[in-house]
There are 2 protein chains.
Amino acid sequence: VILAGGSGTRLWPLSRQNRAKQFLPLLSDKTMLGETLDRVGGDLFGEPLLVGGVAQADMLGEYEATLILEPVARNTAAAIALAALSLPRDATMLVMPSDHVIADRDAFMAAIAKALPLALQGWLVTFGIEARGPETGYGYIKSGEEVGDRVFEVERFVEKPDRATAEGYLAEGGYHWNGGIFLFSAGAYLDALKTHAPEIAAAARKAMDDDGAVDADAFAESPSISIDYAVMEKARKVAVVPVSMGWSDIGSWDALYDISDKDDAGNAAPADAVTIDSANCLIRADGQTVAAIGVEDLIVVATGDAVLVMPRGDSQRVKEAVEALKAKNAKVL
Amino acid sequence: VILAGGSGTRLWPLSRQNRAKQFLPLLSDKTMLGETLDRVGGDLFGEPLLVGGVAQADMLGEYEATLILEPVARNTAAAIALAALSLPRDATMLVMPSDHVIADRDAFMAAIAKALPLALQGWLVTFGIEARGPETGYGYIKSGEEVGDRVFEVERFVEKPDRATAEGYLAEGGYHWNGGIFLFSAGAYLDALKTHAPEIAAAARKAMDDDGAVDADAFAESPSISIDYAVMEKARKVAVVPVSMGWSDIGSWDALYDISDKDDAGNAAPADAVTIDSANCLIRADGQTVAAIGVEDLIVVATGDAVLVMPRGDSQRVKEAVEALKAKNAKVL
């Protein structure tokens with residue numbers, strides 16, 4: 001189950017309101033969604049289920065998958081409910097975002113293999129990403145008692161911490177990033193949803209017809225809550241499989257720089273770019289030739305109608321540009 | 001007589017091999033050539049003569065002027081000879097580049113009025129731009145004896161000096177920048193050319209037919225030499241009119257920044273640009289929306305197919321990017 005309904009402009013100007021990150025070829029000539037689908041090919045997996053918004057139906061239709069189209073966005077708990085309702089109760093669902101990178105697929109597969117026995121016993125399993133630093137942009141998962149081979153009962157989920165708190169988590173140990181990837185049976189999820197977020201369960205059930213179509217009015221009645229808030233933080237029998245698999249949500253230009261190939265001067269730049277006396281820059285373009293002369297630690301992103309220039313390390317400030325452009329009613333969002 | 005044959009890539013990526021600076025709207029919605037033509041409207045002037053290359057015939061044809069098309073480029077001495085040959089010997093020619101800015105037209109007109117009596121007496125008059133600093137990018141003109149009202153015989157022309165020499169000129173006084181603007185009669189110029197550069201005079205005369213067409217083979221025989229080298233530095237009766245008229249040749253992005261309107265933060269940027277926590281930047285775009293966040297003293301130039309990013313103050317280094325792109329056979333030159 002691939003959640004492809006997300007939108008966002010954290011990678012503006014490359015990502016747009018109608019062309020979210022999952023539809024961008026960020027790391028290869030395939031889109032992030034295409035890479036995500038490749039990751040779940042092979043005998044272990046059934047046909048992928050793509051859950052996304054009706055506005056993205058055309059783009060989603062270009063992929064080989066069963067589509068479930070949300071008439072309105074109601075966050076992940078409801079989206080996953082639609083997928084669960086379309087499957088047999090004993091189907092095991094691997095739920096994952098459509099716009100993350102997992103560089104080490106073998107490690108991912110091994111983690112799934114560890115999670116599977118628990119999922120088959122009715123556990124809701126999440127994957128805990130090895131925390132590579134005191135990041136404040138992710139939620140954290142604290143491991144409790146070991147309930148399988150390197151699988152732990154979740155002691156608690158914690159929301160995005162401040163820096164000091166995150167440093168404390170790393171020092172203490174047993175904390176992992178919450179990457180939003182889950183493994184559970186459809187029945188276990190729907191049961192937990194009914195217990196902890198009955199309005200979501202009811203709305204999804206009412207909205208979904210036998211052909212997989214979703215009624216707009218009925219679905220709109222669902223509260224818009226994430227699976228974490230609605231289910232994972234409240235349910236019993238929630239487990240975490242720690243995993244180090246080269247994961248990134250590429251949530252910013254800085255994150256993309258970190259995982260990009262770089263030349264000897266530390267520049268991550270297209271082959272046709274010209275970098276003279278320039279170092280440690282991220283250069284992205286949508287066909288434009290970029291020339292950088294005498295600049296360091298700069299992010300330069302060019303598209304046909306917009307250009308972003310800012311220092312590396314500050315790329316969360318892209319949202320300030322997006323807000324300013326919104327205030328101007330700019331057409332480049 | 002407007003010399004519109006120049007090419008150059010000092011303002012790359014906006015200027016291109018086939019779209020030189022004179023065809024760009026750098027300071028208003030008019031091209032530099034259009035602004036230059038406006039400057040010589042009115043009763044004082046006859047119909048403008050545009051001298052340019054055959055490759056630019058279409059672009060030149062969009063302006064209201066008589067065209068003289070050079071089949072091959074042979075520098076300014078020969079180009080001006082073609083113009084002189086198309087005019088009566090007693091016509092007074094104001095010769096000027098097509099891609100300079102003169103912000104104070106009144107001062108320019110006053111300088112022309114001072115130069116005119118001498119031109120009518122057979123002098124070759126040049127205009128000496130008030131030196132606003134020890135620039136090393138211009139030739140200098142040293143004034144000698146006063147031969148009219150604030151008009152001086154030229155003591156000597158000096159080529160682009162090094163910094164220390166330029167500083168000496170400013171300290172000594174009597175030096176002005178050579179802006180490449182001239183006033184003289186057609187006959188006086190042709191006579192001086194015949195004396196000091198007879199091959200150019202002969203080639204131009206042989207090439208030019210009665211209808212203003214220029215024979216390629218004959219014109220190609222002309223040496224390719226500037227009017228300064230060929231005539232002004234050698235002729236007698238050469239005068240200079242010092243003038244302060246807001247002149248710039250906009251020979252670099254830094255020069256354009258200097259004469260551009262700026263906002264309170266010192267940014268020269270299009271109205272649709274977004275500048276956040278950014279100061280003293282030059283931002284140019286060809287329709288693209290540029291967002292700059294947290295950067296200072298940066299030059300950002302965007303076109304549909306190319307983007308330049310470099311620090312202010314170093315814009316002569318654009319040529320390094322141009323050379324690198326040439327070496328790559330890039331299509332964006």
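1. Where in chain B does B:Asp297 lie? B:Asp297 is in the loop between β14 and β15 of chain B. This residue is not a glycine, yet its phi is positive, at about 55°. Most residues other than glycine have a negative phi. Strands here are DSSP runs of E of at least two residues and helices are runs of H or I of at least four, numbered from the N terminus.

2. On the basis of the values: this is a predicted model, in which local features need pLDDT of at least 70 and side-chain atom pairs count only at pLDDT 80 or more, while totals for chains, interfaces and linings use all residues. Side-chain values use heavy atoms, with hydrogens and water left out, residues are numbered from 1 along each chain as its sequence is written, and chains are lettered from A and ligands numbered from 1 in the order in which they are written.

3. The contact of the two chains takes 36 residues from chain B and 35 residues from chain A (contact means heavy atoms within 4.5 Å). About 2,500 Å² is buried between chain B and chain A, and carbon and sulfur atoms give 65% of that area. Buried area is the accessible area, for a 1.4 Å probe, that two parts lose on being put together, summed over both. Of the area that chain B buries against chain A, 25% is supplied by B:Ile293, B:Val307 and B:Val309, more than by any other three residues.

4. Across the interface of chain B and chain A, 17 residue pairs are in polar contact, with both residues at pLDDT 80 or more. A polar contact is a pair of N or O atoms within 3.5 Å; within protein, one must be able to donate a hydrogen and the other to accept it, and residues adjacent in sequence count only if both atoms are side-chain atoms. On the side of chain B that touches chain A, the elements giving two or more residues are β12 (274-276), β14 (289-293), β15 (298-302), β16 (306-311) and α11 (318-327) of chain B. The largest share of that side, six residues, comes from β16(B). By class, the side of chain B that touches chain A has 24 nonpolar, six polar and six charged residues. Ala, Val, Leu, Ile, Met, Phe, Trp, Tyr, Cys and Pro count as nonpolar, Asp, Glu, Lys and Arg as charged, and the others, Gly among them, as polar.

5. The count between chain B and chain A is two salt bridges, where a salt bridge is a side-chain nitrogen of Lys or Arg within 4 Å of a carboxyl oxygen of Asp or Glu. The side chains of A:Asp277 and B:Arg317 form a salt bridge, at 3.1 Å from N to O. Over all chains the count comes to 22 salt bridges.

6. Within chain A, the side chains of A:Lys142 and A:Glu155 meet in a salt bridge at 3.7 Å, N to O. This pair links distant parts of the chain, 13 residues apart: A:Lys142 is in strand β7 (residues 140-148) and A:Glu155 in strand β8 (residues 151-158) of chain A.

7. In chain A, the axes of helix α6 (residues 186-196) and helix α7 (residues 198-207) come within 5 Å and cross at roughly 125°. That makes α6(A) oblique to α7(A). By class, their contact has five nonpolar, two polar and two charged residues. Axes are lines fitted to C-alpha atoms, for helices over the stretch in contact, and angles run from 0 to 180 degrees between N-to-C directions. Angles under 35 degrees count as roughly parallel, over 145 as roughly antiparallel, 65 to 115 as roughly perpendicular and the rest as oblique.

8. The peptide bond from A:Trp12 to A:Pro13 is cis, with omega near 10°.
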